[in-house]
Every structure is written in structure tokens, then in C-alpha cells.
Amino acid sequence: MGGDRLKFGGEFRDAAMEHAFTAARLDETLRQCRLLFLLSARAAGAQAPAIVLVPLLLNALLAMALPFGFAGWGLREGAAALSWSIAGLDAAQGVAASISYGVLTLIGSLPGLLALLRLRAATR
């Protein structure tokens, strides 16, 4: 039974090659995270310039990386509320932007889930 389990990661046979690929994609991934969070902040009604919002969203994204909670939910929103209020902005907008970001990333990952489910069905 252990041989038929799906494995995540390891797209490359060589670990060094996978590490190099991941490192090369990091800048683009961070750029996309910033853009998605800025769009979420605008959708939540934040009128502050991007130069003010980017450091706030980085705090929220860093909080999301902590290994507590479920996929960053809760920590990200708390960090956004704190960051927004320290910056003199409406904390509710920070929370709304954070929730919007979480929902959008969840929606964006659904095609990958569908691919995994199809792969799982094909291996049975």
C-alpha cells in the first residue's frame, strides 16, 4: 500500500536541480504575492499608495510563514490588522485585504487540486 501513495515535490530527479529551479522562481513568486496583496488591499478600499502598503503586506506574508494555524489563516489577518493600525490606516481594511488575499490564493490553487485528484484517480 505504501507504494501507491502520491508524493509532493520532487519534480526533478536531481535535488540540486530542483533547488536551483526553486531559487530561480523565488523573485517571481514574491512579485506575484505582492501584486495579489496590493490588488486585495485596493479591493478592500485601501487608498494608501503602494509604497506604504508593500511593507504592510510583507509583514502579513511573513506572519503567514509561521508554522501555526492552518495555512497562515489567522496569523496573516492579525499581522495585517496590527500593521495597518500602526501605519495609521483602518485595521478592518487590513483584515479584509488579508482575507481577500487568502481567498484568491485558495481559488488560484484549485486547478492544482483538480490535477492531483485526476492523477490519483488514474493511479487506481
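Visitor: So angles under 35 degrees count as roughly parallel, over 145 as roughly antiparallel, 65 to 115 as roughly perpendicular, and the rest as oblique. How are α1 and α4 oriented to each other, then?

Guide: They're oblique to each other. The axes of α1 and α4 (residues 91–123) cross at roughly 125° and come within 8 Å. Axes here are lines fitted to C-alpha atoms, for helices over the stretch in contact, with angles running from 0 to 180 degrees between N-to-C directions. One caution: this is a predicted model, where local features need pLDDT of at least 70 and side-chain atom pairs count only at pLDDT 80 or more, while totals for chains, interfaces and linings use all residues. Residues are numbered from 1 along each chain as its sequence is written, and side-chain values use heavy atoms, leaving out hydrogens and water.

Visitor: Fine. Which residues of α1 and α4 make the contact?

Guide: On the α1 side you'll find Cys33, Leu36, Phe37, Ser40 and Ala41. The α4 side brings Ala97, Ser98, Ser100, Tyr101, Leu104 and Thr105. Contact means heavy atoms within 4.5 Å, and the helices are DSSP runs (H or I, at least four residues) numbered from the N terminus.

Visitor: And α1 with α2, at what angle do they cross?

Guide: Roughly 110°, with the axes coming within 10 Å. That makes α1 roughly perpendicular to α2.

Visitor: Who meets whom in α1 and α2?

Guide: From α1 it's Cys33, Arg34, Phe37, Leu38, Ala41 and Arg42. They meet Ala50, Leu53, Val54, Leu57, Leu58, Ala60 and Leu61 in α2.

Visitor: OK, what about α2 and α3, how far apart are their axes?

Guide: 8 Å, and the packing angle is about 150°. That makes α2 roughly antiparallel to α3. From α2 (residues 50–64), Leu53, Leu56, Asn59, Ala60, Ala63 and Met64 make the contact. Their partners in α3 (residues 75–86) are Leu75, Arg76, Ala79, Ala80, Ser83 and Trp84.

Visitor: Switching to charges: how many salt bridges does the count come to?

Guide: Two, taking a salt bridge as a side-chain nitrogen of Lys or Arg within 4 Å of a carboxyl oxygen of Asp or Glu. In one, Arg31 pairs with Glu28, and their closest N and O atoms are 2.3 Å apart. In the other, Glu77 pairs with Arg76 at 3.3 Å.

Visitor: Where do Arg31 and Glu28 lie?

Guide: Both sit in α1 (residues 15–43), three residues apart, which is about one turn of the helix.

Visitor: Last one. Which helix is Leu116 found in?

Guide: Helix α4. Leu116 is partly exposed, at 32% relative accessible area.

Key. Helices (H or I, at least four residues) and strands (E, at least two) are DSSP runs, numbered from the N terminus. Buried means under 20% relative accessible area, exposed over 50%, partly exposed in between (1.4 Å probe, protein chains only).
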